[in-house]
Amino acid sequence: MIPISSPYIENKAKKYVLKCLNTNWISSQGEYILKFEKSLAKYHGTKYCVATSSCTSAIHLAIKSLGIGKGDEIICPDLTFIAPANMIVLAGAKLRLVDINPETFAIDHKKIEKNIGKKTKAILVVHQMGHAADMEPILKIAKKYNLRIIEDNAESIGGKYKGKMLGTIGDVSTLSFFANKIITTGEGGAILTNSKKIAHKCYLLRDHGMSKVKKYLHIELGYNYRMTNMQAAIGCSQVEILNKILKIRDKQLLIYRKYLNSIKEVQLRSYKEWTTPTHWLTTITINKKNLRDRLIKFLHKSKIDARQMINPVHEAKHLRKFYNKKNYKNSINISRNTIHLPSSTNLKESEIKFICKKIKIFFKKKFINKKN
């Protein structure tokens with residue numbers, strides 16, 4: 001099976017992890033935690049970075065650091081992985097879902113303003129699958145209504161919006177280092193900010209709400225959202241080769257484009273001129289409806305691990321009763337007719353050619369025109 005994504009790890013990661021094992025610094029204390037945070041802050045040009053156990057926990061901390069909680073509202077795109085929405089609810093705030101732009105897959109800024117109420121405190125922007133959200137109009141809206149901006153940059157590390165690094169535009173941002181992301185620590189995440197107040201709040205809440213001055217003095221309700229030294233060791237090695245990874249992945253997208261361009265039944269996602277994208281997952285939309293699952297099944301039989309697009313947030317069982325699906329037509333359409341193709345950094349051109357050949361064969365089959 002050609003996997004949907006596999007981590008790209010070089011030998012230096014093993015060297016760093018072995019140092020953790022040899023020195024017994026394997027938990028959430030150790031030299032690599034601080035090194036990893038400093039390297040990420042330097043790469044992004046931000047003052048502060050707080051490493052966390054996951055991007056999900058990072059989002060939770062980001063929300064709490066802004067003082068948002070019960071009775072407040074946060075705007076969030078409807079088509080995103082469930083984590084941002086769940087953390088908004090977990091923080092005690094009300095989730096305001098907004099449909100996406102069908103080209104960028106990110107939140108549609110034209111639909112944000114009508115969803116702003118008296119209790120709205122923030123806009124959570126997801127730079128979706130390597131493509132930046134259109135930040136300029138979002139920043140204007142935020143300024144007009146005195147809203148904070150949280151950037152979820154889990155899938156777009158290294159990307160830019162009009163030359164500005166994603167994750168550095170809002171008040172606070174989050175990153176993901178899950179195994180299928182651009183760089184990985186296995187599990188893990190981070191918070192980026194230029195605000196000393198936000199950073200210190202995140203540090204405090206990350207470690208059980210415990211005072212930095214006096215051990216075991218807990219001054220706030222906190223969490224255990226810490227990253228281990230071993231994870232950070234891997235992370236340090238990954239940041240060192242991040243630009244190399246991005247170049248390899250950019251080349252991969254060009255190869256995919258080369259072989260997919262001749263298949264008129266699918267559309268490889270496009271990119272706006274104002275974004276410098278990060279190639280995360282190769283994403284194609286099928287021009288004819290109701291073929292997504294059949295194409296995935298066909299590719300699986302060919303030992304190709306294709307995946308469906310995420311489901312809209314409003315369809316989650318614990319949320320669906322609060323939302324009207326009529327408000328999320330773009331989210332639904334993209335979700336139902338879009339798939340991801342294998343996109344490991346070490347994917348070979350011969351494998352890409354094989355994947356595209358199988359897609360072409362699928363659309364030549366007469367059975368796809370049948371109802372069953």
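How many salt bridges does the count come to? The count comes to 18 salt bridges, where a salt bridge is a side-chain nitrogen of Lys or Arg within 4 Å of a carboxyl oxygen of Asp or Glu. Before we visit some of them, a word on what you are looking at. This is a predicted model, in which local features need pLDDT of at least 70 and side-chain atom pairs count only at pLDDT 80 or more, while totals for chains, interfaces and linings use all residues. Residues are numbered from 1 along each chain as its sequence is written, and side-chain values use heavy atoms, with hydrogens and water left out.

Let us begin with E31 and K19. These two form a salt bridge whose closest N and O atoms are 3.0 Å apart. E31 lies in helix α2 (residues 31–44) and K19 in helix α1 (residues 11–23), so the pair ties together parts that are 12 residues apart in sequence. The names of these elements come from DSSP runs, numbered from the N terminus: helices are H or I runs of at least four residues, and strands are E runs of at least two. E31 has a relative accessible area of 35%, so it is partly exposed; K19, at 37%, counts as partly exposed too. Here buried means under 20% relative accessible area, exposed means over 50%, and partly exposed lies in between (1.4 Å probe, protein chains only). K35 joins the story as well: K19, E31 and K35 are linked in a network of salt bridges.

Next, find K144 and E113. Their side chains meet in a salt bridge with an N to O distance of 2.7 Å. This pair links distant parts of the chain, 31 residues apart: K144 sits in helix α5 (residues 135–145), and E113 in the loop between β3 (94–98) and β4 (120–126). K144 counts as exposed because its relative accessibility is 58%, whereas E113 is partly exposed at 30%.

The side chains of K162 and E136 meet at 3.2 Å, N to O. E136 belongs to helix α5, while K162 is in the loop between β6 (160–161) and β7 (164–165), and the two are 26 residues apart. K162 is partly exposed, with a relative accessible area of 49%, and E136 is partly exposed at 38%.

I355 is found in helix α11 (residues 349–364), and with 0% relative accessibility it counts as buried. Which residues does I355 touch, not counting those up to four places away in sequence? They are I2, Y256, L299, I304, L341 and P342, where contact means heavy atoms within 4.5 Å. K303 is 52 residues from I355 along the chain, yet their C-alpha atoms are separated by 9.4 Å.

What about empty space? Rolling a probe the size of a water molecule over the atoms shows where such space is left. On a 1 Å grid over the protein atoms alone, a cavity is a set of points where a 1.4 Å probe fits but cannot get out, and a pocket is an open set with protein on both sides within 12 Å along at least five of seven lines; lining residues have an atom within 4 Å of a point. Grid points are joined across faces, edges and corners, and a volume is the space filled by probe spheres set on the points.

The largest pocket holds about 550 Å³ of space. Its lining has 27 residues, and F81, E155, N180, K181 and W280 lie nearest its centre. Two or more lining residues come from each of α3 (55–65), α4 (83–90) and β13 (307–308), and α3 gives the most, with 3 residues. The lining divides into 13 nonpolar, 9 polar and 5 charged residues. In this scheme Ala, Val, Leu, Ile, Met, Phe, Trp, Tyr, Cys and Pro count as nonpolar, Asp, Glu, Lys and Arg as charged, and the others, Gly among them, as polar.

There is also 1 cavity of 30 Å³ or more. The largest cavity has a volume of about 70 Å³. It is lined by 13 residues, with S6, Y8, K181, I182 and T345 closest to its centre. By class, this lining has 5 nonpolar, 6 polar and 2 charged residues.

Finally, look at the cysteines. The count of disulfides (pairs of cysteine sulfur atoms within 2.5 Å) comes to 0. For C76, the nearest cysteine sulfur is that of C55, 12 Å away, and C76 is buried at 0% relative accessibility. For C236, the nearest is that of C20, 8.8 Å away; C236 is buried too, at 7%.
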